[in-house]
Amino acid sequence: MIVPALDSAMTIEFRLNGEPISIDIHPAERLLDTLRYALRLTGTKEGCAEGECGACTVYLDGLPANACLVPTVQVRGREVRTIESLDGATLQPFLTGGATQCGACTPGVVMTATWIRHHPEILARHSIRALMAGNLCRCTGYDGIVDSIEAALQEDVIE
Amino acid sequence: MGFPPNGELALDRIEGLSKLTGRERYVDDLAVDGCLWGMTVRSPSPRGRIREIRFDQDIDWSKFIVVDHRDLPGPNEVKHIETDQPVLAGNYVRHVHEPVVLLAHSSRHELRRAVQAVTINVSEEPAALDFRVPPTPSQIQFGGDNVFKHLTIVKGNVEQALADAPVVVEGTYQTGAQEHIYLEPQGMLAYQEDGVIVVKGSLQCPYYVHAAMMHALARPADRVRVIQAATGGGFGGKEDYPSVLALHSALLALKAGRPVKIVYDRDEDMAATTKRHPSWVRIRTGVAADGRLLAQDIQVLLDGGAYVTLSPVVLSRAIIHAGGPYHCEHVRIEGKAVFTNSVPFGAFRGFGAPQTLFATERHMDRIARAIGRDPVEVRRINLIRDGQTTATGQVIDDGVDRDALLSQALTLSDYRAKQAKHTAFNAGHPYLRRGVGVATFLHGAGFTGAGEVNLDSVVHVAAMPDGGIEVRTASTEMGQGTTTVFTQIVADRLGMSADRIQVPLPDTARDPNSGPTVASRTTMVVGRLLERACDDIRRQLGLPDDARGDTIHSAVRKWFATPRDGPLIGTARYQPPPGIAWDEVGYRGDAYGTFAWASYVAEVEVDLRTWTTRVLDFVAVQEVGKVLNETLARGQIQGGVVQGIGWGLMEECRWRDGAMENAQLTNYIIPTCDDTPPVRVAFVEVPYPHGAQGAKGIGELPMDGPAPAILNAVAAATGSDPCTIPLIPERLMELLLA
């Protein structure tokens with residue numbers, strides 16, 4: 001691995017959690033680092049830095065994406081949403097269902113789970129377990145997560 | 001009268017919403033003014049003398065903080081059980097990735113370039129890399145034979161009993177290293193404050209770190225401070241290693257005169273930090289025709305890696321659990337932890353017990369096959385009954401019906417019906433094979449032998465001027481639920497509402513040493529101390545034993561209304577349960593205050609085209625004393641079972657010249673939620689009188705059973721005899737095609 005010198009910068013604009021934003025970045029900077037270190041939005045976590053664990057899941061134009069694999073330059077003119085944009089009041093089923101233990105995978109899990117809640121029609125073709133397979137968790141054994149999503153989906157139907 | 005109400009309260013996870021919304025602050029999330037990043041330059045070789053450390057001229061080194069072993073104010077030793085591990089290698093390295101030079105800079109990017117611009121040249125010497133093979137003279141580096149620790153348990157006369165036994169069954173079992181994969185990698189921040197060096201980070205055991213810092217930095221206790229940041233999983237991986245990382249970040253911060261933070265990337269964390277000890281276990285068992293165990297002769301070898309770390313204690317727990325939950329009159333268990341030039345192995349959930357219980361439980365099925373009997377029935381007639389003794393001679397008399405536990409697991413899993421269905425299925429299917437397997441086991445709760453007495457744990461329960469209560473211990477929250485369970489225990493004991501109880505993350509400047517957060521001891525041992533500290537507060541307030549809630553609250557406010565000299569702090573210090581006796585030299589007596597017991601059943605499907613094994617169903621029945629919070633307890637079991645599925649079927653550390661080759665999540669495979677079935681959990685509760693509200697330890701138990709249950713199921717499905725884990729497809733293919 002050769003690490004190149006880092007000296008150039010550029011300005012890009014995109015929408016972050018519903019607001020327009022303009023920021024200076026390095027052309028090779030990862031979205032994960034822009035969010036965490038430049039913008040101090042530390043809810044998005046780094047777990048593996050190679051797109052395996054899903055701890056850094058954000059929405060890019062409404063679709064879940066691993067922020068560790070996205071160069072920030074690629075979000076120019078697009079819409080990024082992070083865990084900070086979610087309403088905590090909608091997460092009660094995850095609290096009572098035991099979906100979080102250590103919390104390091106949790107923001108990514110919640111982002112994918114919330115995406116499933118917003119697109120329940122996808123469950124006609126895919127199971128919750130298949131849809132959540134991109135988010136690794138080492139604490140819960142996944143039942144707490146899967147049960148919580150099922151409970152949340154029930155609640156969403158009632159509401 | 002019913003005091004205390006005993007577990008009526010079960011709270012949602014206290015810090016749960018903070019974690020769900022991403023507001024919880026882990027060390028990498030802390031913004032610190034003027035903070036530098038730190039990184040580590042590591043040994044490229046498993047063994048040898050450092051000839052030269054070359055700093056590439058392309059880098060302007062005056063812009064970096066550079067630390068090596070000469071910067072240590074005190075001895076170059078990481079204080080664990082022993083002091084053999086250097087903080088930074090001096091002129092000699094003993095494993096690949098051993099830390100040699102530390103660098104700090106404000107830019108992580110520049111640091112990465114700089115790390116690559118340091119070359120460590122080593123005159124290589126013969127490395128000992130296979131713990132199963134006796135070392136050649138040139139490979140010997142510890143004592144006369146590279147053995148760190150040698151322990152033996154003897155009960156009765158095993159040689160005679162083996163000679164007299166109608167059947168002797170032998171087997172050899174091997175388990176691989178396992179990476180913890182806590183989702184938050186190791187990280188530590190260090191800074192100075194009024195002459196005190198402070199470290200704050202991801203850790204399980206604040207006072208282990210504190211002791212290591214005092215030792216190597218040559219500082220008195222009050223000039224070292226350790227604070228836990230929110231910790232994203234530990235599983236033992238943050239038991240001993242954070243002492244190393246704290247020293248590294250502290251050395252950089254001292255030299256820089258500025259705060260320094262080291263956060264490992266995943267690949268560095270996987271390559272350089274401790275893992276579960278690989279094991280080799282050989283069992284010879286004398287058996288009666290009906291399956292009764294007449295003699296158990298067990299040899300245990302653990303790969304200790306390049307430094308002692310916690311290996312002697314891991315070996316101790318390994319051999320004590322090696323006899324399984326069975327009664328046998330004649331037992332000899334011999335264990336050795338062996339030095340190798342591998343990255344040091346350390347604590348990992350279960351702490352040696354999963355390795356030996358894998359062997360013992362797999363062996364029970366081999367015994368059953370050898371004598372043509374049912375594996376469940378062979379277990380049933382050997383399960384220890386009240387009044388009988390373990391391998392160390394500990395009399396079990398706890399009122400737990402272990403036979404009923406096994407029956408419940410069989411019923412819940414529909415074991416017998418599944419067996420019949422599988423026979424028909426396997427006869428008719430061209431390439432899928434199904435089977436069920438059982439494991440019955442035990443796990444000792446708390447420190448082994450005199451360990452709890454030696455820890456001499458202390459807790460404080462402080463009353464605050466506003467009438468609230470602050471719980472002060474060194475016991476860490478790392479996801480397992482300490483904060484929530486401690487809140488429950490104190491709220492219950494004082495009859496106060498939970499929102500008046502605060503459980504801050506530990507800080508050695510404020511909190512007494514309640515011992516390390518390990519060994520399934522936090523709820524049972526430290527929780528019980530909290531109950532007694534609550535009683536102490538009542539006593540200091542002059543209140544009767546049944547005073548609760550508002551009575552205590554107003555007495556506290558009244559106390560602070562009058563000017564006082566000191567605070568109001570309830571204290572409790574560990575006292576062993578009566579009648580516990582342990583002989584550390586002879587390895588006889590009461591190894592643990594109590595044991596948790598379990599029966600697990602796995603159902604698997606093996607695909608003979610791809611050699612993959614899928615777990616279709618998993619039932620986990622256990623007796624863990626009183627369950628204090630069902631959601632948290634179930635989460636512990638389910639999480640442990642899935643870690644066990646990973647260890648048994650997927651998680652292979654591949655080694656080349658002493659280095660982990662697959663140190664990344666792309667090719668070190670842990671279970672996803674699509675690889676695992678729902679884990680069906682049932683608890684049997686027999687309150688333990690010396691644990692908080694009757695609780696026993698729970699955290700490690702679920703790591704012990706899955707691997708043997710799953711391999712027993714594979715054996716049943718395929719008629720084969722797998723004895724090595726992880727049973728990855730390649731290994732199963734070799735076995736079935738052999």
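Predicted model: local features only at pLDDT ≥ 70, side-chain atom pairs only at ≥ 80, totals over all residues.

Trainee: Okay, which domains does chain A have?
Mentor: The assignment gives domain 1, residues 10–84, and domain 2, residues 86–158. Taken over C-alpha atoms, the centres of domain 1 and domain 2 of chain A are 21 Å apart.

Trainee: How many residues does each domain put into the contact?
Mentor: Domain 1 of chain A gives 14 residues, and domain 2 of chain A gives twelve. On the domain 1 side, strand β3 (residues 57–60) of chain A brings the largest share, three residues. By class, that side of domain 1 has seven nonpolar, five polar and two charged residues.

Trainee: Switching to chain B. What's the strand order in the three-stranded sheet?
Mentor: β4-β2-β6, in an open sheet with antiparallel pairing. β4 (92–93) and β6 (118–124) of chain B each have a single partner strand, so one side of each has no neighbour in the sheet.

Trainee: How many bridges link β2 and β4 of chain B?
Mentor: Two, in the antiparallel sense. The bridge partner of R49(B) in β4(B) is Y92(B).

Trainee: And where chains A and B touch, how many residues are in the contact?
Mentor: Chain B contributes 47 residues and chain A contributes 45.

Trainee: Which element gives the largest share on the chain B side?
Mentor: α16(B), with seven residues. α1 (16–20), α2 (108–116) and α16 (630–649) of chain B each supply at least two.

Trainee: What classes are those chain B residues?
Mentor: The chain B side that touches chain A has 16 nonpolar, 18 polar and 13 charged residues.

Definitions and conventions:
Residues numbered from 1 in each chain as written. Chains lettered and ligands numbered in written order. Domains from an automatic or database assignment. Contact = placed C-beta atoms within 7 Å. Helix = DSSP H or I, 4+ residues; strand = E, 2+ residues; numbered from the N terminus. Nonpolar A, V, L, I, M, F, W, Y, C, P; charged D, E, K, R; others polar. Pairing = 2+ DSSP bridges.
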